[in-house]
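Subject: Structure handover

Hello,

The structure you asked for is below, with its sequence. My notes on it follow.

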Amino acid sequence: MNKTIIVSNRLPLQVSIQNNSFNVVPSVGGLATGMKSVHAEGNGIWVGWSGIPENNLDPELSDQIQSKIRNEKCVSVPLTNEDIEEYYEGFSNRALWPLFHYFMEYTNFEQKEWEAYKRVNEKFAEVVIENLEDGDTVWVHDYQLLLLPQLIKNKKPNTTIGFFLHIPFPSYEIFRTFPWREEILTGMLGADLLGFHTYDYERHFLSSVKRIMRLEVQFNEISYHDRIIKVDSFPMGIDYDKFYNAALEHDNDSKEKSDLRKRLEEHTSDDKKLILSIDRMDYTKGIPNRIKAFEYFLDNYPEYKEKVRLVMLAVPSRSNVPQYQKLKRETDELVGRINGKFATVSWTPIWYFYRSMPFNNLIELYTCSDVALITPIRDGMNLVAKEYVATRTKGNGVLILSEMAGASKEMNEALLINPNSFEDFAVSLKHALTMPLEEQQTRIKFLQKRLKRYDVEKWADEFLKALEDTKNSKNENVTK
Ligand code: GDG
């Protein structure tokens with residue numbers, strides 16, 4: 001029976017080691033949820049890194065971990081500390097990530113890290129090929145593995161390969177600055193179907209293919225050697241029911257309240273509002289800008305002092321990369337300065353959490369907030385915006401969303417803002433805080449309907465259906 005092999009940098013598992021024993025638990029990210037049924041089907045497997053470097057790992061323990069991972073239908077790609085440092089923290093997060101998010105000043109192109117990126121993509125290819133049988137389909141995810149489609153296609157030309165990019169694809173003018181631009185495009189063109197979150201990213205990609213590779217592009221099809229490659233947009237959704245139902249649970253008054261919820265509720269009443277932001281601590285998410293814009297709001301609408309509170313959850317991320325350390329320092333300082341400037345004995349304007357919270361607390365943050373402030377400078381999609389909407393079981397709440405997030409393309413009923421304009425930000429926040437309930441409910445209702453219809457499972461199904469179609473049209477061409 002043919003199977004689907006999912007490939008991503010990380011496996012959907014958390015492995016922890018203590019002394020000489022270990023524990024493996026499933027992780028519950030958006031991708032893992034979307035892929036759940038695909039992964040569970042038949043002999044489907046997931047290939048990726050386990051999160052544990054191979055260096056210094058006792059071979060016997062390593063074998064035991066491998067076999068446990070295998071039981072979860074996962075296969076791990078062995079990576080060393082050097083691989084992680086050079087391929088992941090280095091090339092992926094110091095070259096590709098900033099460039100693809102238009103942060104040119106943060107890009108660092110190192111030949112040594114490029115070599116590591118190629119080496120690790122080859123390691124992934126080896127593991128995929130070892131597990132591949134005729135007729136299998138491979139679905140590769142994200143910017144850490146841009147070379148993988150071609151590496152697989154070279155060795156196994158008949159394999160049907162899909163690739164999905166979770167971050168933006170930048171405009172040609174940005175992408176052309178990349179030293180290894182042809183190699184990257186060639187790597188991606190090993191796929192039969194390439195998926196992006198939005199139509200804009202798709203157009204940017206096609207434009208680079210046309211101008212850098214000088215290939216013929218017709219609508220969304222690329223002719224490459226003897227193949228036709230399809231390119232399309234597939235906006236990723238969330239597990240809508242999971243978030244909606246979890247929020248319903250919280251509406252249930254008989255449920256025991258956590259300390260966090262009690263504290264949040266103390267600050268919500270008719271004239272006191274909670275404003276929420278949740279992001280990974282990443283410079284693309286616009287955290288310092290948001291704090292400064294909140295200061296601008298309080299300066300310009302002083303009547304809101306003691307009436308609003310910004311609850312800001314910033315989840316630690318890539319803290320070995322210097323730009324992330326700088327961002328953390330800048331955020332700490334800004335929060336301190338603004339709290340110092342405005343605080344009274346009974347009010348602190350910003351509640352700042354630098355940590356990750358359990359799902360239950362996340363839902364409490366979503367359900368207790370009157371406004372969600374999601375203002376990235378650039379973001380492939382942004383699932384937090386969608387999750388906030390899904391938890392509005394009573395239909396109240398306002399989403400303020402950056403135009404620079406892919407999600408803005410499907411969420412017109414949100415208040416869309418330019419995250420670089422403090423004025424735009426302040427006017428929208430005032431609008432959100434004074435929006436009549438009926439208008440809130442109308443906007444939320446439209447958004448929810450769309451999110452429920454196009455959830456993460458549907459996203460995965462549509463991608464795989466389109467990939468299957470490329471397989472069928474290939475077969476037709478062969479028999480003609
Ligand atoms: C990349 C792209 C694209 C956050 N804090 C906690 C927590 N989360 C969960 C959220 C959400 C996820 O993390 C974050 O997803 P985003 O989409 O917002 O952002 P990235 O991590 O940057 O993801 C992005 C995405 O890939 C998918 O293609 O949308 O543009 O950059 O699901 O709920 N979960 C828990 N505790 C936390 O403290 N449990």
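I start with strand S6 (residues 137–141), which is mostly covered, with five of its five residues buried. Buried here means that 20 or more other C-beta atoms lie within 10 Å of the residue's own; 12 or fewer makes it exposed, anything in between partly exposed, and C-beta atoms are placed from the backbone. Helices (H or I, at least four residues) and strands (E, at least two) are DSSP runs, numbered from the N terminus.

Two notes on provenance. This is a predicted model, in which local features need pLDDT of at least 70 and side-chain atom pairs count only at pLDDT 80 or more, while totals for chains, interfaces and linings use all residues. Residues are numbered from 1 along each chain as its sequence is written.

S6 pairs with strand S1 (residues 4–10) in the parallel sense, over four bridges; two strands pair if DSSP finds at least two bridges between them. Within that pairing, Val 140 of S6 is the bridge partner of Val 7. S6 also runs parallel to strand S7 (residues 160–164), joined by five bridges, and here Val 138 stands opposite Ile 161 in S7. S6, helix H5 (residues 148–155) and S7 make a right-handed β-α-β unit, right-handed meaning that, with the strands pointing away from the viewer, the path from the first strand over the helix to the second runs clockwise.

Helices

Helix H4 (residues 111–130) has 20 residues and reaches 29 Å from its first C-alpha to its last, close to the 28 Å expected. The expected span is 1.5 Å times one less than the number of residues. The buried residues of H4 are Glu 113, Ala 116, Tyr 117, Val 120, Asn 121, Phe 124, Ala 125 and Val 128. They pack against S1, strand S4 (45–49), helix H3 (81–100), S6 and H5.

For the 13 residues of helix H2 (residues 59–71) the span should be 18 Å, and the end C-alpha atoms are 19 Å apart, which agrees. Just after H2, Lys 73 takes a positive phi of about 60°.

Two single residues

Val 209 lies in helix H8 (residues 199–212) and counts as buried because 22 other C-beta atoms lie within 10 Å. Leaving aside neighbours within four places in sequence, Val 209 is in contact (C-beta atoms, placed from the backbone, within 7 Å) with Leu 185, Leu 215, Val 217 and Ile 222.

Tyr 244, in helix H9 (residues 240–251), has 19 C-beta neighbours inside 10 Å and so counts as partly exposed. With the neighbours within four places in sequence again left out, Tyr 244 is in contact with Ala 390, Thr 391 and Thr 393.

Regards

Notes:
Two residues are in contact if their C-beta atoms, placed from the backbone, lie within 7 Å.
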